[in-house]
Amino acid sequence: MDEKKVMLSGIQPSGDLHLGNYLGAIKNWVDRTEEFDNYYFMADMHTITVRQNPADLRRRTLEQLAQYIACGLDPEKNTLFIQSHVHQHAELGWVLQCYTMFGELSRMTQFKDKSAKHKENINGGLFTYPSLMAADILLYQPDFVPVGEDQKQHCELTRDVAQRFNSIYGDVFKIPEPYIPKAGARVMGLTAPDSKMSKSMPEGCVFLMEKPEDIQRKFKRAITDSDTENCVHYDPANKPGVANLMSIYSAVTGRSYEAIEQEFAGCGYGKFKPAVGDAVVECLRPIREEATRILADKAYLENVYKAGAEKASYVANKTLRKVYKKIGFVAR
(Lines give C-alpha, C1' and ligand atoms only; values in the text may rest on other atoms or scores of the structure.)
Protein backbone atom coordinates (compact mmCIF):
# COMPACT_ATOMS: atom_id res chain seq x y z
CA MET A 1 0.00 0.00 0.00
CA ASP A 2 1.32 3.48 -0.86
CA GLU A 3 2.25 5.67 2.10
CA LYS A 4 -0.05 8.61 2.65
CA LYS A 5 1.26 12.07 1.84
CA VAL A 6 1.95 14.22 4.92
CA MET A 7 -0.02 17.43 5.63
CA LEU A 8 0.60 19.89 8.46
CA SER A 9 -1.05 23.04 9.75
CA GLY A 10 -1.57 25.03 12.95
CA ILE A 11 -3.58 27.94 14.34
CA GLN A 12 -2.47 30.28 17.11
CA PRO A 13 -4.59 30.13 20.29
CA SER A 14 -4.34 33.92 20.53
CA GLY A 15 -8.13 34.22 20.44
CA ASP A 16 -11.23 32.08 20.20
CA LEU A 17 -11.80 30.10 16.99
CA HIS A 18 -14.36 31.66 14.67
CA LEU A 19 -16.49 30.83 11.65
CA GLY A 20 -13.71 31.89 9.26
CA ASN A 21 -11.28 29.41 10.88
CA TYR A 22 -13.87 26.64 10.58
CA LEU A 23 -15.15 27.20 7.04
CA GLY A 24 -11.80 28.37 5.65
CA ALA A 25 -9.52 25.78 7.25
CA ILE A 26 -10.74 23.24 9.80
CA LYS A 27 -13.67 21.93 7.73
CA ASN A 28 -11.20 21.21 4.92
CA TRP A 29 -8.85 19.48 7.36
CA VAL A 30 -11.67 17.14 8.38
CA ASP A 31 -12.42 16.34 4.73
CA ARG A 32 -8.76 15.31 4.25
CA THR A 33 -8.61 12.93 7.24
CA GLU A 34 -8.50 9.72 5.21
CA GLU A 35 -6.43 11.12 2.34
CA PHE A 36 -3.35 12.36 4.23
CA ASP A 37 -1.23 11.69 7.32
CA ASN A 38 -2.18 14.90 9.15
CA TYR A 39 -0.45 16.91 11.89
CA TYR A 40 -2.46 19.77 13.41
CA PHE A 41 -1.21 21.82 16.33
CA MET A 42 -2.00 24.69 18.65
CA ALA A 43 0.74 27.22 17.80
CA ASP A 44 1.12 28.53 21.35
CA MET A 45 4.82 29.41 20.94
CA HIS A 46 3.92 31.85 18.17
CA THR A 47 1.35 33.65 20.33
CA ILE A 48 3.91 35.07 22.78
CA THR A 49 5.39 37.49 20.22
CA VAL A 50 2.44 39.53 21.51
CA ARG A 51 1.90 39.74 25.29
CA GLN A 52 -0.66 37.20 26.53
CA ASN A 53 -2.53 36.74 29.78
CA PRO A 54 -1.11 33.35 30.94
CA ALA A 55 -4.41 31.97 32.28
CA ASP A 56 -6.23 32.98 29.09
CA LEU A 57 -3.55 31.39 26.89
CA ARG A 58 -3.81 28.08 28.79
CA ARG A 59 -7.61 28.15 28.59
CA ARG A 60 -7.71 29.01 24.88
CA THR A 61 -5.14 26.34 23.99
CA LEU A 62 -7.24 23.58 25.57
CA GLU A 63 -10.49 25.04 24.19
CA GLN A 64 -8.97 25.10 20.72
CA LEU A 65 -7.98 21.44 21.00
CA ALA A 66 -11.50 20.52 22.17
CA GLN A 67 -12.98 22.49 19.26
CA TYR A 68 -10.66 20.77 16.76
CA ILE A 69 -12.04 17.43 17.94
CA ALA A 70 -15.64 18.71 18.05
CA CYS A 71 -15.29 19.93 14.45
CA GLY A 72 -14.54 16.34 13.42
CA LEU A 73 -10.76 15.97 13.71
CA ASP A 74 -10.58 12.46 15.15
CA PRO A 75 -7.41 12.19 17.31
CA GLU A 76 -7.19 8.50 16.36
CA LYS A 77 -6.74 9.51 12.71
CA ASN A 78 -4.98 12.90 13.04
CA THR A 79 -1.99 13.85 15.19
CA LEU A 80 -3.21 16.72 17.41
CA PHE A 81 -0.66 18.38 19.68
CA ILE A 82 0.42 21.55 21.46
CA GLN A 83 3.47 23.16 19.84
CA SER A 84 5.32 23.91 23.10
CA HIS A 85 5.06 20.23 24.13
CA VAL A 86 7.39 19.26 21.27
CA HIS A 87 10.76 20.83 22.15
CA GLN A 88 12.18 20.09 18.70
CA HIS A 89 10.22 23.08 17.32
CA ALA A 90 12.26 25.56 19.37
CA GLU A 91 15.53 23.72 18.70
CA LEU A 92 15.17 23.57 14.93
CA GLY A 93 13.75 27.10 14.99
CA TRP A 94 17.11 28.38 16.33
CA VAL A 95 19.12 26.42 13.76
CA LEU A 96 16.99 27.76 10.90
CA GLN A 97 17.38 31.34 12.16
CA CYS A 98 21.04 30.87 11.32
CA TYR A 99 20.11 29.95 7.74
CA THR A 100 17.47 32.67 7.22
CA MET A 101 18.75 35.99 5.92
CA PHE A 102 18.05 39.28 7.71
CA GLY A 103 16.74 40.79 4.48
CA GLU A 104 14.28 37.91 4.01
CA LEU A 105 12.83 38.42 7.49
CA SER A 106 12.61 42.19 7.07
CA ARG A 107 10.46 41.75 3.95
CA MET A 108 7.77 39.73 5.75
CA THR A 109 4.50 41.65 5.51
CA GLN A 110 3.18 40.22 8.80
CA PHE A 111 6.21 41.61 10.65
CA LYS A 112 5.45 45.04 9.23
CA ASP A 113 1.76 44.75 10.13
CA LYS A 114 2.33 43.50 13.67
CA SER A 115 5.10 46.06 14.29
CA ALA A 116 2.66 48.81 13.37
CA LYS A 117 0.00 47.38 15.72
CA HIS A 118 2.34 46.66 18.67
CA LYS A 119 4.81 49.54 18.59
CA GLU A 120 5.49 49.18 22.31
CA ASN A 121 6.67 45.57 21.89
CA ILE A 122 8.63 45.07 18.65
CA ASN A 123 10.62 42.12 19.98
CA GLY A 124 13.12 39.74 18.38
CA GLY A 125 10.59 36.92 18.24
CA LEU A 126 8.23 39.07 16.17
CA PHE A 127 11.05 39.46 13.65
CA THR A 128 12.38 35.89 13.58
CA TYR A 129 9.17 33.86 13.98
CA PRO A 130 9.09 32.88 10.26
CA SER A 131 12.17 30.74 11.06
CA LEU A 132 10.17 29.00 13.79
CA MET A 133 7.31 28.59 11.33
CA ALA A 134 9.75 26.99 8.88
CA ALA A 135 10.84 24.61 11.66
CA ASP A 136 7.18 23.79 12.46
CA ILE A 137 6.79 22.66 8.87
CA LEU A 138 10.12 21.04 8.02
CA LEU A 139 10.33 18.88 11.16
CA TYR A 140 7.59 16.62 9.82
CA GLN A 141 8.89 16.41 6.23
CA PRO A 142 5.40 17.24 4.90
CA ASP A 143 4.48 16.99 1.24
CA PHE A 144 1.92 19.79 1.53
CA VAL A 145 1.19 22.80 3.70
CA PRO A 146 -2.33 24.26 3.42
CA VAL A 147 -1.97 28.00 2.91
CA GLY A 148 -4.25 30.94 2.48
CA GLU A 149 -3.22 34.08 0.62
CA ASP A 150 -1.80 35.61 3.84
CA GLN A 151 0.52 32.63 4.46
CA LYS A 152 1.95 32.19 0.95
CA GLN A 153 4.96 34.35 1.79
CA HIS A 154 5.85 32.15 4.78
CA CYS A 155 5.57 28.98 2.72
CA GLU A 156 7.87 30.49 0.07
CA LEU A 157 10.41 31.46 2.75
CA THR A 158 10.26 27.93 4.22
CA ARG A 159 11.00 26.47 0.80
CA ASP A 160 13.90 28.93 0.28
CA VAL A 161 15.45 28.10 3.67
CA ALA A 162 15.04 24.34 3.10
CA GLN A 163 16.64 24.57 -0.35
CA ARG A 164 19.51 26.68 1.05
CA PHE A 165 20.14 24.13 3.81
CA ASN A 166 19.94 21.21 1.37
CA SER A 167 22.35 22.90 -1.04
CA ILE A 168 24.96 22.97 1.75
CA TYR A 169 24.34 19.64 3.50
CA GLY A 170 22.59 17.41 0.99
CA ASP A 171 19.06 16.03 0.95
CA VAL A 172 17.93 16.80 4.52
CA PHE A 173 14.52 18.45 4.13
CA LYS A 174 11.66 17.55 1.83
CA ILE A 175 10.61 20.74 0.00
CA PRO A 176 6.90 21.17 0.84
CA GLU A 177 4.38 22.29 -1.74
CA PRO A 178 1.72 24.88 -0.88
CA TYR A 179 -1.71 23.24 -0.84
CA ILE A 180 -4.47 25.55 -1.98
CA PRO A 181 -7.79 24.13 -0.74
CA LYS A 182 -10.33 23.47 -3.48
CA ALA A 183 -13.39 24.87 -1.74
CA GLY A 184 -12.37 26.67 1.44
CA ALA A 185 -14.78 29.52 1.97
CA ARG A 186 -13.08 32.91 2.35
CA VAL A 187 -15.21 34.37 5.13
CA MET A 188 -15.18 38.15 5.45
CA GLY A 189 -16.19 40.25 8.47
CA LEU A 190 -19.91 40.92 8.92
CA THR A 191 -19.22 44.59 9.68
CA ALA A 192 -16.31 44.97 7.21
CA PRO A 193 -16.90 42.73 4.17
CA ASP A 194 -13.69 43.99 2.56
CA SER A 195 -11.58 42.34 5.32
CA LYS A 196 -11.24 38.72 6.44
CA MET A 197 -13.30 37.78 9.49
CA SER A 198 -11.06 38.45 12.45
CA LYS A 199 -11.21 38.19 16.23
CA SER A 200 -9.77 41.72 16.31
CA MET A 201 -13.19 42.98 15.10
CA PRO A 202 -15.49 41.02 17.45
CA GLU A 203 -18.76 42.61 16.32
CA GLY A 204 -18.22 41.31 12.80
CA CYS A 205 -16.84 37.95 13.92
CA VAL A 206 -18.86 34.82 14.76
CA PHE A 207 -17.15 32.58 17.31
CA LEU A 208 -17.65 28.81 17.35
CA MET A 209 -18.67 28.78 21.03
CA GLU A 210 -20.91 31.84 20.82
CA LYS A 211 -24.51 31.75 22.08
CA PRO A 212 -27.14 31.33 19.32
CA GLU A 213 -28.85 34.62 20.20
CA ASP A 214 -25.56 36.53 19.90
CA ILE A 215 -24.84 34.93 16.51
CA GLN A 216 -28.29 35.85 15.27
CA ARG A 217 -27.89 39.44 16.50
CA LYS A 218 -24.62 39.81 14.56
CA PHE A 219 -26.17 38.54 11.34
CA LYS A 220 -29.17 40.87 11.68
CA ARG A 221 -26.71 43.77 11.95
CA ALA A 222 -24.46 42.54 9.13
CA ILE A 223 -23.61 45.10 6.45
CA THR A 224 -25.25 44.36 3.11
CA ASP A 225 -25.12 47.28 0.68
CA SER A 226 -26.70 50.64 0.07
CA ASP A 227 -28.51 49.95 -3.18
CA THR A 228 -32.25 50.39 -3.36
CA GLU A 229 -32.91 47.01 -4.98
CA ASN A 230 -32.57 45.13 -1.69
CA CYS A 231 -32.19 41.92 -3.69
CA VAL A 232 -30.11 38.84 -2.91
CA HIS A 233 -27.70 38.61 -5.83
CA TYR A 234 -24.09 37.37 -5.94
CA ASP A 235 -21.92 40.29 -7.07
CA PRO A 236 -18.69 40.50 -4.99
CA ALA A 237 -17.44 43.64 -6.77
CA ASN A 238 -20.56 45.74 -6.21
CA LYS A 239 -22.31 43.95 -3.34
CA PRO A 240 -19.49 42.56 -1.14
CA GLY A 241 -21.65 42.36 2.00
CA VAL A 242 -24.39 40.35 0.31
CA ALA A 243 -21.84 38.18 -1.52
CA ASN A 244 -20.16 37.37 1.83
CA LEU A 245 -23.48 36.36 3.41
CA MET A 246 -24.29 34.22 0.37
CA SER A 247 -20.86 32.59 0.57
CA ILE A 248 -21.42 31.74 4.25
CA TYR A 249 -24.95 30.45 3.57
CA SER A 250 -23.67 28.33 0.69
CA ALA A 251 -20.84 26.89 2.83
CA VAL A 252 -23.11 25.83 5.70
CA THR A 253 -26.09 24.59 3.62
CA GLY A 254 -24.35 23.29 0.48
CA ARG A 255 -26.64 25.34 -1.77
CA SER A 256 -25.38 27.03 -4.91
CA TYR A 257 -25.52 30.80 -5.38
CA GLU A 258 -28.21 30.34 -8.03
CA ALA A 259 -30.35 28.31 -5.63
CA ILE A 260 -29.90 30.96 -2.92
CA GLU A 261 -30.93 33.75 -5.31
CA GLN A 262 -34.06 31.78 -6.20
CA GLU A 263 -34.85 30.98 -2.57
CA PHE A 264 -34.80 34.66 -1.57
CA ALA A 265 -36.14 36.20 -4.79
CA GLY A 266 -38.30 39.15 -3.85
CA CYS A 267 -37.71 38.69 -0.12
CA GLY A 268 -35.13 41.39 0.59
CA TYR A 269 -32.38 41.47 3.20
CA GLY A 270 -34.80 41.57 6.13
CA LYS A 271 -35.59 37.90 5.57
CA PHE A 272 -32.22 36.84 4.15
CA LYS A 273 -29.95 37.95 7.02
CA PRO A 274 -31.83 36.09 9.81
CA ALA A 275 -31.99 32.99 7.56
CA VAL A 276 -28.19 33.01 7.24
CA GLY A 277 -27.95 33.47 11.02
CA ASP A 278 -30.27 30.48 11.62
CA ALA A 279 -28.24 28.29 9.24
CA VAL A 280 -24.97 29.22 10.97
CA VAL A 281 -26.47 28.61 14.44
CA GLU A 282 -27.55 25.11 13.39
CA CYS A 283 -24.16 24.42 11.77
CA LEU A 284 -22.28 25.41 14.94
CA ARG A 285 -24.69 23.93 17.52
CA PRO A 286 -23.26 20.37 17.48
CA ILE A 287 -19.70 21.74 17.54
CA ARG A 288 -20.42 23.93 20.56
CA GLU A 289 -22.21 21.12 22.43
CA GLU A 290 -19.50 18.54 21.70
CA ALA A 291 -16.66 20.94 22.61
CA THR A 292 -18.38 21.74 25.92
CA ARG A 293 -18.68 18.01 26.67
CA ILE A 294 -15.01 17.37 25.79
CA LEU A 295 -13.77 20.28 27.94
CA ALA A 296 -15.55 18.77 30.94
CA ASP A 297 -13.53 15.56 30.47
CA LYS A 298 -10.07 16.83 31.43
CA ALA A 299 -8.53 13.36 31.57
CA TYR A 300 -9.56 12.62 27.97
CA LEU A 301 -8.21 15.93 26.72
CA GLU A 302 -4.91 15.38 28.52
CA ASN A 303 -4.62 11.90 26.99
CA VAL A 304 -5.16 13.37 23.52
CA TYR A 305 -2.51 16.08 23.76
CA LYS A 306 0.04 13.83 25.47
CA ALA A 307 -0.39 11.06 22.87
CA GLY A 308 -0.23 13.66 20.09
CA ALA A 309 2.97 15.21 21.46
CA GLU A 310 4.56 11.76 21.86
CA LYS A 311 3.90 10.86 18.22
CA ALA A 312 4.89 14.32 16.94
CA SER A 313 8.12 14.26 19.02
CA TYR A 314 9.08 10.86 17.62
CA VAL A 315 8.75 12.09 14.02
CA ALA A 316 10.28 15.52 14.73
CA ASN A 317 13.28 14.02 16.52
CA LYS A 318 14.29 11.99 13.48
CA THR A 319 14.57 15.20 11.47
CA LEU A 320 16.33 17.13 14.25
CA ARG A 321 18.95 14.40 14.80
CA LYS A 322 19.72 14.43 11.08
CA VAL A 323 20.07 18.24 11.11
CA TYR A 324 22.32 18.24 14.20
CA LYS A 325 24.58 15.62 12.67
CA LYS A 326 24.86 17.53 9.38
CA ILE A 327 25.79 20.85 11.00
CA GLY A 328 28.41 19.23 13.27
CA PHE A 329 26.83 18.99 16.72
CA VAL A 330 28.16 16.15 18.89
CA ALA A 331 25.57 13.36 19.24
CA ARG A 332 23.83 13.23 22.62
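1. A cavity is a set of grid points where a 1.4 Å probe fits but cannot get out. The model discussed in this note is predicted, and it holds 1 cavity of 30 Å³ or more. The volume of the largest cavity is about 30 Å³.

2. Which residues line the largest cavity? The lining is made by G15, D16, L17, R60, E63, Q64 and Q67. Sorted by class, this lining has 1 nonpolar, 3 polar and 3 charged residues.

3. Two packed helices are described by the angle between their axes and the distance between the axes. Helix α3 covers residues 54-70 and helix α12 covers residues 269-296; their axes come within 8 Å and cross at roughly 125°. Because of this angle, α3 counts as oblique to α12. The crossing of the two helices is right-handed.

4. Is the crossing of α10 and α12 left-handed or right-handed? The crossing of α10 and α12 is left-handed. From α10, the contact takes V242, L245, M246, I248, Y249, V252 and T253; from α12, it takes Y269, F272, K273, A275, V276, A279, V280 and C283. By class, the contact of α10 with α12 has 13 nonpolar residues, 1 polar and 1 charged.

5. A further pair consists of helix α7 (residues 124-138) and helix α8 (residues 152-169), which pack at an angle of about 75° with their axes 9 Å apart. Angles of 65 to 115 degrees count as roughly perpendicular, and therefore α7 is roughly perpendicular to α8. In α7, the residues Y129, P130, M133, A134, I137 and L138 meet H154, L157, T158 and A162 of α8. This contact divides into 8 nonpolar and 2 polar residues, with no charged ones.

6. Attention may next be given to the loop between α7 and β4 (144-146), where Q141 has its place. Most residues other than glycine have a negative phi. Q141, however, has a positive phi of about 45° although it is not a glycine. The student may wish to locate this residue in the structure, as Q141 is also one of the residues that lie nearest the centre of the second largest pocket.

7. The second largest pocket has a volume of about 310 Å³. Its lining has 14 residues, and E3, V6, D37, Y140 and Q141 lie nearest its centre. Which elements each supply at least two residues of this lining? They are β1 (5-11), β2 (36-42) and α13 (298-327). The largest share, 4 residues, comes from α13. By class, the lining of the second largest pocket has 4 nonpolar, 2 polar and 8 charged residues.

Note on methods
Residues numbered from 1 in each chain as written. Predicted model: local features only at pLDDT ≥ 70, side-chain atom pairs only at ≥ 80, totals over all residues. Heavy atoms only, no water. Axes fitted to C-alpha atoms, helices over the stretch in contact; angles between N-to-C directions. Parallel < 35°, antiparallel > 145°, perpendicular 65-115°, else oblique. Left-handed = near helix turned anticlockwise from the far one by under 90°. 1 Å grid on protein atoms, 1.4 Å probe; cavity = no way out; pocket = protein on both sides within 12 Å on 5 of 7 lines; lining within 4 Å. Points joined across faces, edges and corners; volume = space filled by probe spheres on them. Nonpolar A, V, L, I, M, F, W, Y, C, P; charged D, E, K, R; others polar. Contact = heavy atoms within 4.5 Å.
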